[in-house]
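Hi everyone, thanks for coming. Let me put the structure up, and then I'll walk you through a few spots in it.

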Amino acid sequence: MASSKKKLEGLVAATITPMTENGEINFSVIGQYVDYLVEEQGVKSIFVNGTTGEGLSLSISERRQVAEEWVTKGRNKLDQVVIHVGALSLKESQELAKHAAEIGADGIAVIAPFFLKPWNKDVLINFLKEVAAAAPALPFYYYHIPALTGIKIRAEELLDGIQDKIPTFQGLKFSDTDLLDFGQCVDQNQQRQFAFLFGVDEQLLSALVMGATGAVGSTYNYLGKKANQMLEAFEQKDFSSALNYQFCIQRFINFVVKLGFGVSQTKAIMTLVSGIPMGPPRLPLQKASREFTDNAEAKLKSLDFLPFTGLKDRNLEACS
Ligand SMILES: CC(=O)N[C@@H]([C@@H](O)[C@H](O)[C@H](O)CO)[C@@H](O)CC(=O)C(=O)O
């Protein structure tokens, strides 16, 4: 069985993998990055080597080193470190799962293999089960991200009876906009034992209403503070303030989505907001353009999302 650790909840930052201008991993800033998340954004759990972390663009050896660095630097500072160990090769996935357990991670997550694909729920579960078995003491999360994997098996179907097959199953990271599917996952979990982590940051409030227990996302790296205010307002049943915060976050995300937004742009924004150099992404991704960064900076300032901009009084867009 999975360890009886505290349930994963609240905001979880999908970490960026910092890189040097030469495309090597820049391990030297990870300690600073942990402190930034905790102290400046109030985010105390992380999801490593996922989409934002370019996990599938790293070698297995790099993934192991990155995981190790986050666990080491996060010790006594972070609540939970979940490592994404999904891979196209079952063997590689198992190796990474075993490694995550050895280094003392708090959980593992796996996406569906997306080149030679599982064609139905049972096959997908068999794959996940084999990975989970390589780390029998670690909570296991399924990472549902159909737009990127192309695996359209509904999460609610997958969850039906999953703990009989995967005893360490602890929850779902749901990166999709299908709130019917998400709601039905929560609805069938009557005992409330699983974590339901929503992964579409611009829609988090709707998912909270539907029963999300937390959220994993890229924007919590630099908008964690604002998202935490939304969670707090929701918790206090102050729905009008919660909506105000969600709209505010949406204004920024909507703006960057229209410019073209993905992992490369996340790296550029995080560099700008935190001052920690995230570096360029790895091919096939392309570095965000100067124009994108300038526009994003102006928007962040107008929303008062950049510290010490002093625009609060002048700007109508800024959220309280
Ligand atoms: C497709 C994608 O990258 N989605 C992001 C979101 O946080 C996304 O960036 C955000 O909602 C803005 O659209 C996360 O779900 C990804 C994530 O958690 C991860 O990096 O593993």
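Let's start with Lys237, which counts as exposed because it has 7 C-beta neighbours inside 10 Å. For that label, C-beta atoms are placed from the backbone: 20 or more others within 10 Å means buried, 12 or fewer means exposed, and in between is partly exposed. Lys237 is not a glycine, yet its phi is positive, about 65°. You'll find Lys237 in the loop between α10 and α11 (239-259). Helices here are DSSP runs of H or I with at least four residues, strands are runs of E with at least two, and both are numbered from the N terminus.

Before I go on, two notes. This is a predicted model, where local features need pLDDT of at least 70 and side-chain atom pairs count only at pLDDT 80 or more, while totals for chains, interfaces and linings use all residues. Residues are numbered from 1 along each chain as its sequence is written.

Now, which other residue has a positive phi without being glycine? Glu54, with phi near 55°. Glu54 sits in the loop between β2 and α2, and it is buried, because 22 other C-beta atoms lie within 10 Å. As background, most residues other than glycine have a negative phi, and most peptide bonds are trans. Pro284 lies in the loop between α12 (263-274) and α13 (290-302).

So what about the overall fold? There is a closed barrel of 8 strands, in the order β1-β2-β3-β4-β5-β6-β7-β8, with parallel pairing; strands pair if DSSP finds at least two bridges between them. Strand β1 (residues 10-14) and β8 pair in parallel over 4 bridges, and Val12 stands opposite Val216 in β8.

Take a look at β7 (residues 195-198). Ala195 and Leu197 point one way, Phe196 and Phe198 the other, and all are buried. In a regular strand, side chains alternate between the two faces of the sheet. Phe198 is opposite Phe174 and also opposite Ala215 in β8.

Finally, the ligand. It is surrounded by 15 residues, and the closest are Ala14, Gly50, Thr52, Gly199 and Gly217; near means a C-beta atom, placed from the backbone, within 6 Å. That shell holds 5 nonpolar, 8 polar and 2 charged residues. Nonpolar covers Ala, Val, Leu, Ile, Met, Phe, Trp, Tyr, Cys and Pro, charged covers Asp, Glu, Lys and Arg, and the others, Gly among them, are polar.
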